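Which charged side chains pair up in this chain, and how is one of its strands placed among its neighbours? The paragraphs below take these two topics in turn.

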Amino acid sequence: MNLLTIGNPKTLKGQGLNYATAILHLAPHTLSGVMNACPYATAGCAAACLNTAGRGGIFKKGETTNAIQKARIARTEFLAADRAGFLAQLDREIAAHVRRAERHGMVPAVRLNGTSDISWERVAPELFAKWRGLQLHDYTKGAHRLRNVPANYHVTLSRSESNEAECLEALANGYNVAAVFADVGYAVDGTLPATYRGYPVINADEHDLRFLDPSGVWCGLLPKGDAILDDTGFVIR
Ligand code: SF4
């Protein structure tokens with residue numbers, strides 16, 4: 001079982017971005033039954049989680065899981081049962097990803113929390129030290145993480161239905177905040193507002209390379225998967 005999923009480089013190339021991304025997808029929140037992979041999750045984000053976006057949310061008739069969900073759960077079980085073994089395999093897969101990207105003349109990047117919110121800077125500080133020249137990037141619901149990550153780990157705060165004050169404080173301090181916009185006045189026609197609460201909104205659906213964004217902006221996203229049905233306030237309507 002691979003831990004990292006390699007993103008489609010053609011999508012980024014099409015935008016003139018020469019990055020090759022690899023993403024670790026675990027089972028979010030308590031879905032695995034063996035650990036909580038999202039200690040800062042709220043009711044709204046857990047219900048609207050990106051885990052159900054794209055192919056991860058497509059189930060055969062009468063079924064409640066699929067191969068993607070099973071792989072995410074298996075990886076999470078591996079991490080919970082054998083952290084050292086998991087980190088050793090992750091390190092090998094990062095090395096392979098870096099080699100492959102360089103062979104193709106691309107810049108490698110890695111996301112460890114594709115569908116989780118683990119404080120990797122605490123769990124595996126040696127990984128960031130070893131891969132000092134590699135750009136890692138993630139989103140988090142834990143505002144305290146913004147100030148406590150290594151230089152090669154870019155973290156974007158993610159807005160939920162209950163942390164808007166923390167988001168505004170982060171924006172005032174030059175950090176970025178991802179937020180999901182929908183409905184009349186915002187994303188009714190698939191467009192995002194120009195500003196929200198006094199800060200510019202950029203289109204964060206174009207790519208996932210948040211470390212390229214200007215600072216002090218909302219990273220605006222349209223709802224996907226179960227988020228389309230959100231009524232908790234997680235999605236801004
Ligand atoms: S913190 Fe992120 S990954 Fe975890 S449940 Fe919430 S939206 Fe999903």
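D91 and K130 form a salt bridge, with the closest N and O atoms 2.8 Å apart. A salt bridge here is a side-chain nitrogen of Lys or Arg within 4 Å of a carboxyl oxygen of Asp or Glu. The pair links distant parts of the chain, 39 residues apart: D91 belongs to helix α4 (residues 83–103) and K130 to helix α6 (residues 125–130). Helices (H or I, at least four residues) and strands (E, at least two) are DSSP runs, numbered from the N terminus. K130 counts as exposed, at 52% relative accessibility; the classes are buried for under 20% relative accessible area, exposed for over 50%, and partly exposed in between, with a 1.4 Å probe and protein chains only.

This is a predicted model, in which local features need pLDDT of at least 70 and side-chain atom pairs count only at pLDDT 80 or more, while totals for chains, interfaces and linings use all residues. Residues are numbered from 1 along each chain as its sequence is written, and side-chain values use heavy atoms, with hydrogens and water left out.

A second salt bridge joins D117 to R145, the closest N and O atoms being 3.0 Å apart. D117 sits in the loop between β3 (107–111) and α5 (120–123), and R145 in the loop between β4 (135–140) and β5, so the pair ties together parts that are 28 residues apart in sequence. D117 is buried at 4% relative accessibility, and R145 is buried with a relative accessible area of 1%.

R159 and E164 also meet through their side chains in a salt bridge, at 2.6 Å from N to O. Both of these residues, R159 and E164, are buried. R111, D138 and D208 are linked in a network of salt bridges. By the rule above, the count comes to eight salt bridges.

The second topic is strand β6. Strand β6 covers residues 177–181, and five of its five residues are buried.

Which strands pair with β6? Two strands pair if DSSP finds at least two bridges between them. Strand β5 (residues 153–158) pairs with β6 in the parallel sense over two bridges, and L157 has V177 as its bridge partner in β6. Strand β9 (residues 218–221) runs parallel to β6 and is joined to it by four bridges; there, G220 is the bridge partner of A179. Strand β10 (residues 235–236) is also parallel to β6, with two bridges, and I236 in β10 is the bridge partner of F181.
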